[in-house]
Amino acid sequence: MKLNLLSCDAQRPDKRAIAQCITEISNVGNSLAHELTDILLEGDAVDIEVEDKNSGSALRALRKLSVDYEIIE
């Protein structure tokens with residue numbers, strides 16, 4: 001499943017937690033996850049791919065971190 005991470009509405013976004021979440025739900029390395037988190041928090045959308053077996057927990061984790069997303073596929 002592909003997700004488009006749109007923005008983070010948290011008043012104080014936890015960059016480390018968001019990067020760790022991206023690392024866990026998709027097949028990207030830690031440094032790329034931190035780079036994607038920086039892009040997301042600057043206001044640009046980020047596309048990631050999530051394995052279908054992790055999709056439910058991935059969506060819950062993103063909502064918990066106040067990350068807005070849309071499902072592409």
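Predicted model: local features only at pLDDT ≥ 70, side-chain atom pairs only at ≥ 80, totals over all residues.
Reader: Okay, so at what angle do H1 and H2 pack?

Author: The axes of H1 and H2 sit 8 Å apart. The two helices are oblique to each other, and their crossing is right-handed. On the H1 side, the contact involves residues including Lys15, Ile18 and Ala19, while H2 brings in Ala33, Thr37 and Asp38, among others. The packing angle comes out at about 125°.

Reader: Which residue forms a salt bridge with Lys15?

Author: Side chains of opposite charge can pair when their charged atoms come close. There's one salt bridge in the structure, and its closest N and O atoms are 2.9 Å apart. Lys15 lies in helix H1 (residues 15-25) and its partner in helix H2 (residues 30-41), so the pair ties together parts that are 23 residues apart in sequence. That partner is Asp38.

Reader: Is Asp38 buried or exposed, or something in between?

Author: Buried would need under 20% relative accessible area, and exposed over 50%. Asp38 has 31%, so it falls between those cut-offs. Asp38 is therefore partly exposed.

Reader: What about Thr37: which backbone oxygen does its side chain reach?

Author: Thr37 is found in helix H2 and counts as buried, at 1% relative accessibility. Leaving out residues up to four places away in sequence, Thr37 touches Lys15, Ile18, Ala19 and Ile22. At 2.8 Å, its side chain reaches the backbone oxygen of Ala33.

Notes: Residues numbered from 1 in each chain as written. Heavy atoms only, no water. Salt bridge = Lys/Arg side-chain N within 4 Å of Asp/Glu carboxyl O. Helix = DSSP H or I, 4+ residues; strand = E, 2+ residues; numbered from the N terminus. Buried < 20%, exposed > 50% of the residue type's maximum accessible area, 1.4 Å probe, protein only. Polar contact = N/O pair within 3.5 Å; in protein donor to acceptor, adjacent residues only side chain to side chain. Contact = heavy atoms within 4.5 Å. Axes fitted to C-alpha atoms, helices over the stretch in contact; angles between N-to-C directions. Parallel < 35°, antiparallel > 145°, perpendicular 65-115°, else oblique. Left-handed = near helix turned anticlockwise from the far one by under 90°.
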